[in-house]
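Biologist: I've got this one open on my screen and could use a guided look. Can you walk me through it?

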Amino acid sequence: MSDGAFHERLNDAIASMSSIPIARVTGRLVKVNGLMLQAVGCKFRLEQRCLVETDDGEAIEAQVVGFDRDVAYLMPVRQLGGLYAGAKVVPLDGDSTVALGDHWLGRVVNGLGEPFDDLGPLKGGEKVSLNPSPINPLKRRLVDTPLDVGIRAINGLLTLGKGQRIGLMAGSGVGKSVLMGMITKNTKADIVVVGLIGERGREVREFIERNLGSEGMRRAVVIAAPADESPLMRLRATKLCHRVAEYYRDKGKDVLLLMDSLTRYAMAQREIALSLGEPPASRGYPPSVFSQLPQLLERAGNGEHPDGSLTAIYTVLADGDDQQDPVVDSARAILDGHVVLSRTLAEQGHYPAIDINASISRCMSSCTENSHVTVANRFRQLNANYLQVKELLPLGGYQPGQDAELDLSVQVFPQLKDFLVQQVDEVTDYQQSLVRLAELFTQTQSG
């Protein structure tokens, strides 16, 4: 090595020494209570990431979720193991970031962005924060273009728009996952981001193989945090799937975000809040849960990019088929529409079990023509009229000829039902849905 090169490297080394901290302040672990860790001896910041050492020399990542005077409360990202009293707690600098790029397409990752598949690590990409700044509502692009989901009942009667946020609301075992799978396969979108939050572990592989397939995975990113993961991991996975969707939206892509389920996210937030001592307010849910929901859901939707869109569909579990469940009611107030699935229809073999009269798309009128809205409202009227007399028909309590509108509703109900029922592997695009709806409306007029 020449003298010039040696002196240059020596000067660089001396200059870099100024950035090396003289000492690193760390805290210590003083208590473990369930999933909650308590640490002292250091200045911790809310939502700051930390590393807690274990007896085998490894470290567990945790996050500061609260504090009481000089005691900081930490929640581990992974399951606990190997902790001991007095363990070193090292606070990490900087915000939580993730390196995103097109190399994420076709991958299955956890809430930390670590791959589940055997396709190797995710390297490179653009570093972005997991907590971006909120979008100015006046700069959001309007929802004015219909989104084709390939399902007649939704295309024709609950038309969705690009950038709309909607909830699939139902009890367990009514067909939410099957309907979401149909939407995944049939929707025309550049990118599909799937968040499987707090659900059964076996459903991750089933969803990938049965609903996405090899062709669908090429344009999809799957973020999974099954039910056996920690509450914080489920929250991180929820934030990550939204951040991935936002990233592609801001690149000018049409993105479809599917999250199953919003209720499991609320339950994870509830576990953390109750562990911190927050009092339950509504059916066991603390107030912080209902303040976190709008902050999460408002991240979806259209952004400032003139071309990109982010359409979000969330499944919401209605405990005991109760549509007044606190999470269901809160989501219904925040989202741009909801599709209610009926257990009664499911028990009759009517799939998808969409209760048309209980469902609504708040963006339908801004995405479609007035004539389409008129036909859809007429369909709802006829369906509602039939439901009024449905229980009287087997008993002979309804006599034709008394009300022409009711007579027409009873007469055309088989055609209405045929329009709503659709096989899992059947696809009806947006234009075909409008044509069938118009034909049906013509029949009712002639009837």
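Biologist: How many helices and strands are there in the protein?
Modeller: The protein has 13 helices and 18 strands. Those are DSSP runs, numbered from the N terminus: helices are H or I with at least four residues, strands are E with at least two. Bear in mind that this is a predicted model, where local features need pLDDT of at least 70, side-chain atom pairs count only at pLDDT 80 or more, and totals for chains, interfaces and linings use all residues. Residues are numbered from 1 along each chain as its sequence is written, and side-chain values use heavy atoms, with hydrogens and water left out.

Biologist: What box do the C-alpha atoms fill?
Modeller: Roughly 100 × 55 × 40 Å, taken along the principal axes.

Biologist: And how much of the protein counts as buried?
Modeller: 50% of its 447 residues. Buried means under 20% relative accessible area, exposed means over 50%, and partly exposed is in between, with a 1.4 Å probe and protein chains only. The accessible surface comes to about 21,300 Å², and 51% of that belongs to carbon and sulfur atoms. Those areas come from the Shrake-Rupley method with a 1.4 Å probe; for residues, only the protein chains shown count as cover.

Biologist: What share of the contacts comes from residues 24 or more positions apart?
Modeller: Among contacts with a separation of 6 or more, 71% are between residues 24 or more positions apart. A contact means heavy atoms within 4.5 Å.

Biologist: Switching to charges: how far apart are the mean positions of the positive and negative ones?
Modeller: 2 Å, for 47 positive and 55 negative charges. Lys and Arg count as positive, Asp and Glu as negative, while His and the chain ends are not counted. The place of a charge is NZ of Lys, CZ of Arg, CG of Asp or CD of Glu.

Biologist: Now the rings. How many aromatic pairs turn up in the whole structure?
Modeller: Four. In one of them, tyrosine 285 and phenylalanine 290 have ring centres 6.0 Å apart and planes at 65°, so that pair is edge-to-face. Rings of Phe, Tyr and Trp (its six-membered ring) pair if their centres lie within 6.5 Å; planes under 30 degrees apart are stacked, over 60 edge-to-face, and the rest tilted.

Biologist: Is tyrosine 285 buried or exposed?
Modeller: Tyrosine 285 is buried, at 5% relative accessible area, whereas phenylalanine 290 is partly exposed at 25%.

Biologist: Which residue lies over the face of tyrosine 285?
Modeller: Arginine 270, at 4.4 Å from the ring centre. To count as over a ring, NZ of Lys or CZ of Arg has to be within 6 Å of the ring centre and within 35 degrees of the ring normal.

Biologist: Another pair, then. Why is the one between phenylalanine 379 and phenylalanine 419 called tilted?
Modeller: Their planes are at 55°, so the pair is tilted, with the ring centres 5.6 Å apart. The pair links distant parts of the chain, 40 residues apart: phenylalanine 379 is in helix H11 (residues 370-389) and phenylalanine 419 in helix H12 (residues 404-420). Phenylalanine 379 is buried at 3%, and phenylalanine 419 is buried at 1%.

Biologist: What about valine 221, where is that found?
Modeller: In strand S14 (residues 220-225). Valine 221 is buried, with a relative accessible area of 0%. Leaving out residues up to four places away in sequence, valine 221 touches several others, including Trp104, Leu105, Val193 and Tyr248.

Biologist: And histidine 242, buried or exposed?
Modeller: Buried, at 1% relative accessible area. Histidine 242 is in helix H5 (residues 231-250) and touches Leu257, Met259, Leu296, Arg299 and Tyr314, not counting residues up to four places away in sequence.

Biologist: Backbone next. Which residues does a cis peptide bond with omega about 10° join?
Modeller: Aspartate 260 and serine 261. Serine 261 lies in the loop between strand S15 (254-260) and helix H6 (262-275). A cis peptide bond also joins tyrosine 351 and proline 352, with omega about -10°. Proline 352 lies in the loop between helix H9 (343-347) and strand S18 (360-361).

Biologist: What is phi for glutamate 47?
Modeller: Positive, about 70°, although glutamate 47 is not a glycine. Glutamate 47 lies in the loop between strand S2 (36-40) and strand S3 (49-53), and is partly exposed at 45%.
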